[in-house]
Amino acid sequence: MKQLVFVYNANSGWHNSVVDSLHKVLSPKTYDCNLCSVTFGVFSEKEVWRKFREEMSVKMVFLHKNEFVEAYKVQEKYKFPIIFKEENGVIEVFLKTEKINTLKTPQELINLIKSTIK
């Protein structure tokens, strides 16, 4: 596997980041990106996730959904957040939205990634 491509259920840009952060704080139960919630606090990346990401031997790419659509020129509609594996220019779903949305902590995501890679 060349890399994992993580796609957040959020669009890029300063304005979107501010709105997302406020939404995460004010109404966490209705926040639409569990991948964001599990890996980031209000202002920064969660430490356990950052350490795992930096120590991982597989390359990881993180994109907002608008960046993903532009970079991969996808025709197919995907639900977000989602994680793909990419090899030789071909992407395949690695972890589906439904599974990502069940996670509560960064450690659960880490364990799931490790077990799915094997």
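Student: Within what distance do the axes of helix α3 and helix α6 come, and at what angle do they cross?

Tutor: Start with the general idea. Two packed helices are described by the angle between their axes and the distance between the axes. Now the case here, in a predicted model. Helix α3 covers residues 47-55 and helix α6 covers residues 106-117. Their axes come within 9 Å and cross at roughly 25°.

Student: Which orientation do α3 and α6 have to each other, roughly parallel or roughly antiparallel?

Tutor: Angles under 35 degrees count as roughly parallel. So α3 and α6 are roughly parallel to each other. Their crossing is left-handed.

Student: Which residues make the contact?

Tutor: From α3, Val48, Trp49 and Phe52. From α6, Pro106, Gln107, Leu109, Ile110, Ile113 and Lys114. By class, the contact has seven nonpolar residues, one polar and one charged.

Student: On to the strands. In which sense do β3 and β4 pair, and over how many bridges?

Tutor: Read the sense and the bridges together. Strand β3 spans residues 82-87, and strand β4 spans residues 90-95. They pair in the antiparallel sense over five bridges. Ile83 has Leu95 of β4 as its bridge partner. Phe84 stands opposite Val93 in β4.

Student: How many residues lie between the strands in the hairpin of β3 and β4?

Tutor: Two residues lie between them. In this hairpin, Asn88 takes a positive phi near 55°.

Student: How many bridges join β1 to β3?

Tutor: Five bridges join strand β1, residues 3-8, to β3. These strands run antiparallel. Val7 stands opposite Ile82 in β3.

Technical notes:
Residues are numbered from 1 along each chain as its sequence is written. This is a predicted model: local features need pLDDT of at least 70, side-chain atom pairs count only at pLDDT 80 or more; totals for chains, interfaces and linings use all residues. Side-chain values use heavy atoms; hydrogens and water are left out. Two strands pair if DSSP finds at least two bridges between them. Helices (H or I, at least four residues) and strands (E, at least two) are DSSP runs, numbered from the N terminus. Axes are lines fitted to C-alpha atoms, for helices over the stretch in contact, and angles run from 0 to 180 degrees between N-to-C directions. Angles under 35 degrees count as roughly parallel, over 145 as roughly antiparallel, 65 to 115 as roughly perpendicular and the rest as oblique. A crossing is left-handed if the near helix is turned anticlockwise from the far one by less than a right angle, and right-handed if clockwise. Contact means heavy atoms within 4.5 Å. Ala, Val, Leu, Ile, Met, Phe, Trp, Tyr, Cys and Pro count as nonpolar, Asp, Glu, Lys and Arg as charged, and the others, Gly among them, as polar.
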